[in-house]
Amino acid sequence: MSDSTPSRAPEARKAQTAPHRQVRAAHTDTTVTVYQAYAPRIGLPAARDGRFPPAWKRERMTWIKPSFLWMMYRCGWATKTDQETVLAVEITRAGFDEALRRACLSHYEPGTHADREAWQRSLRDSPARVQWDPERNLHLNPLPYRSLQLGLSGPASRAYADEWTVSIRDVTPLAREIHALVRTGDDAAARALLPAETPYPTGPLTHLGA
């Protein structure tokens, strides 16, 4: 099947109903799954041990993504240098929710912030950043609604690595399998393998423009 109108139908229907900014993720009553991609020297030990190794720099900002397809866009289906290992990181909802509550948009947005100075104060005081980037379809083309990227720094980054993480899985084989199906034009089979991501109950996120 080529990327014809029928193959895009589920995305077209979703685009008509999806809020412009919304957190969608695979989640349970207690956890939420986010994605990251690393070089094998980091990703493989993390998946093997179920925790990030000492070489994972806890003092640096790290970006987590609840959208599998946005992660595929970012890492090029696990082909980009130092992004060859894709991890599904299951973290506590309590930690994720705390990060969202304390997050600030990474850019100034009139209507969300009182003024630029207020945004700068919030940015300085917040351990988390949020970007809303276009969600992606199977062919990694942008969709008309946005997906969350959450950046964690300082105490939030350390808590993510050492307190919030419940499990880490290497989903590189899944990424490659889906990509192979997309390349052969079998969109239906590829779509059937995607993780089920549903609206995540964040409550109001007015401080993040959503």
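Predicted model: local features only at pLDDT ≥ 70, side-chain atom pairs only at ≥ 80, totals over all residues.

Me: Where is glutamine 36 found, in terms of strands? And is glutamine 36 buried or exposed?

Reply: Glutamine 36 is in strand E2. Its relative accessible area is 3%, and the cut-off for buried is under 20%, so glutamine 36 counts as buried.

Me: What is glutamine 36 in contact with, leaving aside its neighbours within four places in sequence?

Reply: Its contacts are Phe52, Thr62, Trp63, Ile64, Met71, Thr85, Val86, Leu87 and Tyr160.

Me: Tyrosine 160 again! What is tyrosine 160 in contact with, with the neighbours within four places in sequence left aside?

Reply: Its contacts include Val34, Gln36, Phe52, Trp56, Val89 and Leu152. Tyr160 also belongs to the largest nonpolar core, which has 33 residues. Within that core, Phe52, Phe96, Val130, Leu150, Leu152 and Tyr160 touch the most other members.

Me: Which elements supply at least two residues of this core?

Reply: There are helices H2 (40-49), H4 (93-102) and H6 (154-164), plus strands E2 (31-38), E4 (85-92), E5 (103-105), E6 (128-136) and E7 (142-152). H6 gives the most, with five residues.

Me: And what does the second, separate core include?

Reply: That one has 18 residues, including Phe68, Met71, Trp77 and Ala190.

Me: Switching to sheets. What is the strand order in the open sheet of three strands?

Reply: The order is E2-E4-E8, with antiparallel pairing. E2 and strand E8 (165-170) each have a single partner strand, so one side of each has no neighbour in the sheet. From one strand to the next, the twist averages 25°.

Me: How many bridges join E2 to E4?

Reply: Eight, with the two strands running antiparallel. Valine 34 is opposite valine 89 in E4.

Me: Which helices pack on that sheet, touching E2 and E4?

Reply: Helix H3 (residues 68-75) is one of them, with a direction at about 10° to that of E2. H4 also packs there and touches E2 and E4, with its direction making about 90° with that of E4.

Me: OK, now the open sheet of four strands. What order do the strands have?

Reply: E3-E7-E6-E5, with mixed pairing. The edge strands are E3 (62-64) and E5, each pairing on one side only. Twist there averages 40° from one strand to the next.

Me: How do the strands of that sheet pair up?

Reply: E3 and E7 run antiparallel, joined by three bridges, and threonine 62 has leucine 152 as its bridge partner in E7. E6 and E7 are also antiparallel, with eight bridges between them, and tryptophan 132 is opposite leucine 148 in E7. E5 and E6 pair in the parallel sense over three bridges.

Me: How many of the eleven residues of E7 are buried?

Reply: Eight, which leaves E7 mostly covered. H4 lies across E5, E6 and E7, at about 100° to E7.

Me: Anything on the hairpin of E6 and E7? Which residue takes a positive phi there?

Reply: Leucine 140 does, near 65°, and the hairpin has five residues between the strands.

Me: Last topic, H5. Which residues of H5 are buried, and which are exposed?

Reply: Ala118, Trp119 and Leu123 are buried. They cover an arc of only 135° around the axis, which means they sit on the same side of H5. Arg124 and Asp125, on the other side of H5, are exposed.

Me: What covers the buried residues of H5?

Reply: The cover includes E5 and E6. And at the start of H5, a side-chain oxygen of aspartate 115 reaches to within 3.2 Å of the backbone nitrogen of glutamate 117.

Note on methods:
Residues numbered from 1 in each chain as written. Heavy atoms only, no water. Core = buried A, V, L, I, M, F, W, Y, C linked by side-chain atoms within 4.5 Å. Buried < 20%, exposed > 50% of the residue type's maximum accessible area, 1.4 Å probe, protein only. Contact = heavy atoms within 4.5 Å. Pairing = 2+ DSSP bridges. Axes fitted to C-alpha atoms, helices over the stretch in contact; angles between N-to-C directions. Arc of directions from axis to C-beta. Polar contact = N/O pair within 3.5 Å; in protein donor to acceptor, adjacent residues only side chain to side chain.
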